[in-house]
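My entries follow in the order in which I looked.

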Amino acid sequence: MLNFLKKELILSLALLLALTACAKKPENPLSPSVKIGVEKKGEDKIFAVSFTCGIKNENDGTAFINIDGVIEVKNNGGTVVLTVPFKLPAILPFETGVVQERIELTADQAVPLLDLLSIKKEQLESGEEQGNRFIEDQNIVIKNLNLEKKDIIELLRSKVN
Amino acid sequence: MKKINDTKIYIFMIIVPLVIAVLLGGISLYSRLVVEPKAKTLISSDATMKEGYLILREPQIFGGYKYWDSDGMAVKNSLRYFDNKIFNGGTITTDERVYLELVLKRRISGSELGIKSSFFLLIVSLTGFFAYITERKKNKSK
């Protein structure tokens with residue numbers, strides 16, 4: 001009977017350790033939005049996309065450092081219409097890291113994105129359209145997210161000493 | 001009808017709550033007698049407030065920072081604030097001590113809950129012990 005109890009105890013402790021050791025990785029960008037503007041670059045017109053979103057660290061004791069990844073905006077058919085590589089130095093527990101990136105697209109590259117966001121190219125060029133849009137959650141995904149997980153106490157201790 | 005021998009059930013009833021009570025009680029008493037006084041002393045001095053915060057940053061088992069009740073929201077905001085401040089090389093000022101005390105209070109509540117839960121589990125274990133003795137006496141008298 002004691003052997004049985006030992007097994008139960010070990011299993012419970014292992015489960016507890018597994019539950020506490022797992023740090024949750026961010027899965028979705030928060031409030032993703034873009035502002036698209038038309039700019040002149042030499043002879044050509046380019047579409048400057050200012051992309052903004054948040055990446056939340058929901059853990060209470062794990063900080064993320066040296067974060068890099070790619071955010072993909074896809075149209076409803078699943079085709080990638082905008083790729084945003086990003087880097088963040090750190091996201092502390094309960095914090096939301098802000099990704100702010102500027103991507104330049106040619107007119108041809110911008111068309112699928114403008115279609116997805118229901119923005120008329122002509123109106124954007126004429127200034128009738130401001131080019132601000134939120135991106136629906138189903139059209140955006142974080143890909144190739146790399147980050148280092150670090151215990152917050154260890155991280156803060158390295159800053160204190 | 002054959003009388004069922006319940007002694008095995010009572011042994012489980014004694015051992016399982018007792019093991020949990022010893023674990024929880026040990027951790028909570030350690031927090032109460034060692035960690036909390038140390039943290040309190042450290043946060044009372046301006047020079048050692050950061051050290052005190054680092055001790056408090058490790059949550060007590062029953063006062064975990066991921067469980068958010070209404071009282072916990074203020075603690076969450078304090079943690080976010082102090083983490084950010086220390087990470088960016090800032091200093092904790094005397095005016096901010098009150099927020100450190102809030103985190104300490106959370107830890108004290110956690111250890112209190114741990115100690116009370118241990119007492120409850122010890123009572124369950126003790127009840128199992130008396131039931132076991134009674135059952136054995138009954139079985140012997142047959």
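**Entry 1: the four-stranded sheet**

I began with an open sheet of four strands in chain A, which has the order E5-E2-E1-E6 and antiparallel pairing. The model is a predicted one, and I keep that in mind for each entry. I looked for the edges of this sheet and found strand E5 (96-105) and strand E6 (132-134) of chain A, each of which pairs on one side only. From one strand to the next, the twist averages 20°.

As background, I noted that strands of a sheet pair through backbone hydrogen bonds, either parallel or antiparallel.

**Entry 2: the pairs made by E1**

I then took the strands two at a time. Strand E1 (residues 30-41) and strand E2 (residues 44-56) of chain A run antiparallel, and 10 bridges join them. I wrote down bridge partners in E2(A): Ala48(A) for Gly37(A), and Thr52(A) for Ser33(A).

What lies between these strands? The hairpin of E1(A) and E2(A) has two residues between the strands, and Gly42(A) takes a positive phi near 65° there.

E1(A) also pairs with E6(A), in the antiparallel sense, over three bridges. Here I noted that Val34(A) has Arg133(A) in E6(A) as its bridge partner.

**Entry 3: the three-stranded sheet**

Next I looked up an open sheet of three strands in chain A, with the order E4-E3-E7 and antiparallel pairing. Why is one side of E4 and of E7 left without a neighbour in the sheet? E4 and strand E7 (140-151) of chain A stand at the edges and have a single partner strand each, so one side of each has no neighbour in the sheet. Direction ignored, neighbouring strands of this sheet are turned by 5° against each other on average.

Strand E3 (residues 62-74) of chain A is joined to strand E4 (residues 80-91) of chain A by 10 bridges, and the two run antiparallel. I picked out Glu72(A), whose bridge partner in E4(A) is Thr83(A). The hairpin of E3(A) and E4(A) has five residues between the strands, and in this hairpin Gly78(A) takes a positive phi near 95°.

For E3(A) and E7(A), I counted nine bridges in the antiparallel sense. Ile71(A) stands opposite Ile142(A) in E7(A).

I also checked what lies across these strands. Helix H4 (residues 152-160) of chain A lies across E3 and E7 of chain A and runs at about 65° to E7(A).

**Entry 4: the nonpolar core**

Which residues of the largest nonpolar core touch the most other members? The core has 45 residues, and I found Leu113(A) and Leu100(B) to be the ones.

**Entry 5: where the chains meet**

Last, I looked at the contacts between the chains, in which 17 residues of chain B are in contact with 16 residues of chain A. On the side of chain B that touches chain A, the elements that give two or more residues are helix H1 (7-44), helix H2 (49-57) and helix H3 (72-87) of chain B. Which of them gives the largest share? H3(B) does, with seven residues. I sorted the residues on this side of chain B by kind and got eight nonpolar, two polar and seven charged.

Key. Residues numbered from 1 in each chain as written. Chains lettered and ligands numbered in written order. Predicted model: local features only at pLDDT ≥ 70, side-chain atom pairs only at ≥ 80, totals over all residues. Pairing = 2+ DSSP bridges. Axes fitted to C-alpha atoms, helices over the stretch in contact; angles between N-to-C directions. Core = buried A, V, L, I, M, F, W, Y, C linked by C-beta atoms within 7 Å. Buried ≥ 20, exposed ≤ 12 C-beta atoms within 10 Å, placed from the backbone. Contact = placed C-beta atoms within 7 Å. Nonpolar A, V, L, I, M, F, W, Y, C, P; charged D, E, K, R; others polar.
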